[in-house]
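Here is a friendly briefing on charged pairs and nonpolar packing. Have a look at the model first, then read on.

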Amino acid sequence: MIQSARIQDCRRILILCPSLSLAGAIVSSCCYREMKKANAQLKIAVVCSAACRDFLKQNAYVDRVYALDGLPKKFSFRLWALALKLRLKKYDVIIEPTELNFWPWRFFQRLVGFSRRLDTSFCEIPFSQKQQPGSAYEQTLLEMLGVENPDKSYDLPVPAGARRQVAQWLEKNNISHYILFYLTDKGQKLPLSLPQLKSLCDALGAFHLPILFLTQSAHTKKITAFLGQNKSVFVQQFVGLGEYFEWVRLSSLVVCGENSAVAVAAGFEKPVCVLSGGKTFWGKAENPKAFSLKNTNFDEESLDNAALTQALKKIREYL
């Protein structure tokens, strides 16, 4: 059953989004800000995935965050405890995406008592991970709550400490403009082979900008050893979301293999080149300055010349 509720009539609202990715959370971050603008007294709680926990906790418009390490395959004590905790909060509106149709989650709803409480509006929003994150979710949510003419810009908080850390590093290395490679995929495999990354770096040398690799620990040593001889290449290990956002904000171009960087780049209006290793690609709907390095084979020693030429042509338009 899909219902609507006026945001001005709500005191507490609970949003269930345990399968939302970090990229989706970034795109839909405008929802919390716009809801608070419409009703400053509103208390917003979100049940999210562990990947979104840190991002949502930094959002000044979200009052409580309950994170799940993953969607449960069976009903656990932790899910039971969370359901009882939420039941006591007496939310005016409960909102959840409709793709969660398996029994542990439906039993979770029953335990909280969503369908039995006459004083609670239960709202379902069509949303699936198979869709482009943010393509309709936040629009439907805001319309359902009666928010008119929303500002859909993303909230990307950068703490003062993160700004200071990045500024000090750039000053130490005498860098003002740079190309950022963001390679922190959850898997252990890079989106391109090391020889391919080297050939891409060599091609980007034509723009005379330093190249900064922001990586996870599994990749830092490999990239440093392979590209360490290049004086214009720097490698930094990923620390936290605040610094990550700041690295993107100050960059001239972002090269990445996954979706959260596409969303962050869109928030700061930065051009972004998506490598072949990215599992999905949002395209121009979310970031008009996004383009893809296509037709690459991970097992090859070098990049496809036609694909590289096309990517460099796009980069020249933005740099």
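Searching the whole structure turns up 9 salt bridges, each a side-chain nitrogen of Lys or Arg within 4 Å of a carboxyl oxygen of Asp or Glu. Please keep in mind that this is a predicted model, where local features need pLDDT of at least 70, side-chain atom pairs count only at pLDDT 80 or more, and totals for chains, interfaces and linings use all residues. Residues are numbered from 1 along each chain as its sequence is written, and side-chain values use heavy atoms, with hydrogens and water left out.

**Salt bridges**

- Lys37 and Glu34 pair at 3.2 Å, N to O, and both belong to helix H2 (residues 29-38); helices here are DSSP runs of H or I, at least four residues, and strands are runs of E, at least two, numbered from the N terminus.
- Lys37 is exposed at 57% relative accessibility, whereas Glu34 is buried at 4% (buried is under 20% relative accessible area, exposed over 50%, partly exposed in between, with a 1.4 Å probe and protein chains only).
- Glu246 meets Arg163 in a salt bridge of 3.5 Å, N to O.
- Because Glu246 sits in helix H10 (residues 241-250) and Arg163 in helix H7 (residues 160-172), this pair ties together parts 83 residues apart in sequence.

**Nonpolar core**

- The largest nonpolar core has 60 residues, of which Ile26, Met35, Phe55, Tyr244, Phe245 and Trp247 touch the most other members; such a core is a set of buried Ala, Val, Leu, Ile, Met, Phe, Trp, Tyr and Cys residues joined through side-chain atoms within 4.5 Å.
- Helix H11 (residues 259-267) gives the most to this core, with 6 residues.
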